[in-house]
Amino acid sequence: RKVLLPLQKAPPRRLTTIVAPAGYGKTSLAAQWRHALAEEGVATAWLSLEPDDRDQSHFLASLIECLDTSSGRSSAAQDFGALSVSALLRVLATRLREGGRELALFLDDYHHAQTDATEALVSKLLADPGMGHVRLVLISRSRPRFPVSALRLKGELREIGVENLRFSAVEAQDFFGTAAARLSAGQIEELVRHTEGWAVALQMVRVL
């Protein structure tokens with residue numbers, strides 16, 4: 001995809017948001033980017049959030065367990081449910097600071113966990129000067145509601161939206177593969193215009 005190469009070449013940012021409705025390939029793009037980062041030797045962790053993660057304690061425990069799994073640490077014996085939010089936040093901060101090497105933390109379906117309380121926790125992590133090596137990637141159907149102006153002014157924010165994720169006519173032709181032989185360039189351009197480059201709609205056309 002056209003947006004993957006700029007992601008790979010651009011300098012790392014504290015926060016990257018990938019925001020679009022369902023079906024625009026957000027998770028697919030993020031997974032490809034994560035694979036590329038891993039090949040470069042960057043540590044990565046991936047957490048798919050669920051509605052239960054709207055609870056602050058559950059959210060923090062999920063993050064800790066995700067980091068433990070990614071690092072090979074066993075956290076099964078720890079009862080995170082018995083800890084307070086402040087204690088869980090301290091544990092999470094310790095995990096994130098360990099090693100000090102660059103870490104890309106991907107939070108997929110971030111909209112499932114989005115509440116004022118959980119967003120305050122994310123904002124606090126991003127404001128922590130000791131977390132400069134942590135690169136947070138939020139994959140979501142809705143934008144974060146916590147303030148990002150300071151990150152934007154510092155050049156530490158990258159925003160990817162529908163305009164970046166929609167297919168171009170060239171990408172649509174590659175996407176259709178051998179089926180594109182039955183379509184003229186004009187027909188493909190018309191399909192892209194009618195579907196607004198929406199991957200799911202193009203997939204439906206491709207299987208017809």
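Three elements, β2 (43–48), α3 (56–71) and α4 (85–97), each supply at least two residues of the lining of the largest pocket. The model is predicted. Helix α3 gives the largest share of that lining, 4 residues. In total, 15 residues line the largest pocket. Ala43, Ser71, Arg95, Glu98 and Leu103 lie nearest its centre. By type, the lining divides into 4 nonpolar, 5 polar and 6 charged residues. The volume of the largest pocket is about 280 Å³.

Now turn to helix α2. This helix has 14 residues, 26–39. At 1.5 Å a residue they should span 20 Å, and the end C-alpha atoms are 20 Å apart, so expectation and model agree. Which residues of α2 are buried? They are Lys26, Leu29, Ala30, Trp33, Ala36 and Leu37. These residues cover an arc of only 120° around the axis, which puts them on the same side of α2. On the other side of the helix, His35 and Glu39 are exposed. Just after α2, Gly41 takes a positive phi of about 90°.

Next come the charged contacts. Side chains of opposite charge can pair when their charged atoms come close. How many salt bridges does a search of the whole structure find? The search finds 6.

One of them joins the side chains of Glu102 and Arg135, at 3.9 Å from N to O. Glu102 sits in the loop between α4 and β3 (103–108), while Arg135 belongs to strand β4 (residues 134–140), so the pair ties together parts that are 33 residues apart in sequence. Glu102 is partly exposed, with a relative accessible area of 31%. Arg135 counts as buried because its relative accessibility is 17%, and the cut-off for buried is under 20%.

Glu119 and Arg145 also meet in a salt bridge through their side chains, again given as 3.9 Å, N to O. This pair links distant parts of the chain, 26 residues apart: Glu119 is in helix α5 (residues 116–127) and Arg145 in the loop between β4 and α6 (149–153). Glu119 counts as buried, at 3% relative accessibility. Arg145 is partly exposed, with a relative accessible area of 49%.

A further salt bridge connects Glu159 with Arg152, where the closest N and O atoms are 3.2 Å apart. Salt bridges that share partners join Arg143, Arg152 and Glu159 into one network. Within it, Glu159 counts as partly exposed at 38% relative accessibility. Arg152 counts as partly exposed too, at 43%.

Technical notes:
Residues are numbered from 1 along each chain as its sequence is written. This is a predicted model: local features need pLDDT of at least 70, side-chain atom pairs count only at pLDDT 80 or more; totals for chains, interfaces and linings use all residues. Side-chain values use heavy atoms; hydrogens and water are left out. On a 1 Å grid over the protein atoms alone, a cavity is a set of points where a 1.4 Å probe fits but cannot get out, and a pocket is an open set with protein on both sides within 12 Å along at least five of seven lines; lining residues have an atom within 4 Å of a point. Grid points are joined across faces, edges and corners, and a volume is the space filled by probe spheres set on the points. Ala, Val, Leu, Ile, Met, Phe, Trp, Tyr, Cys and Pro count as nonpolar, Asp, Glu, Lys and Arg as charged, and the others, Gly among them, as polar. The expected span of a helix is 1.5 Å times one less than its number of residues. Buried means under 20% relative accessible area, exposed over 50%, partly exposed in between (1.4 Å probe, protein chains only). The arc is that of the directions from the helix axis to the C-beta atoms. A salt bridge is a side-chain nitrogen of Lys or Arg within 4 Å of a carboxyl oxygen of Asp or Glu.
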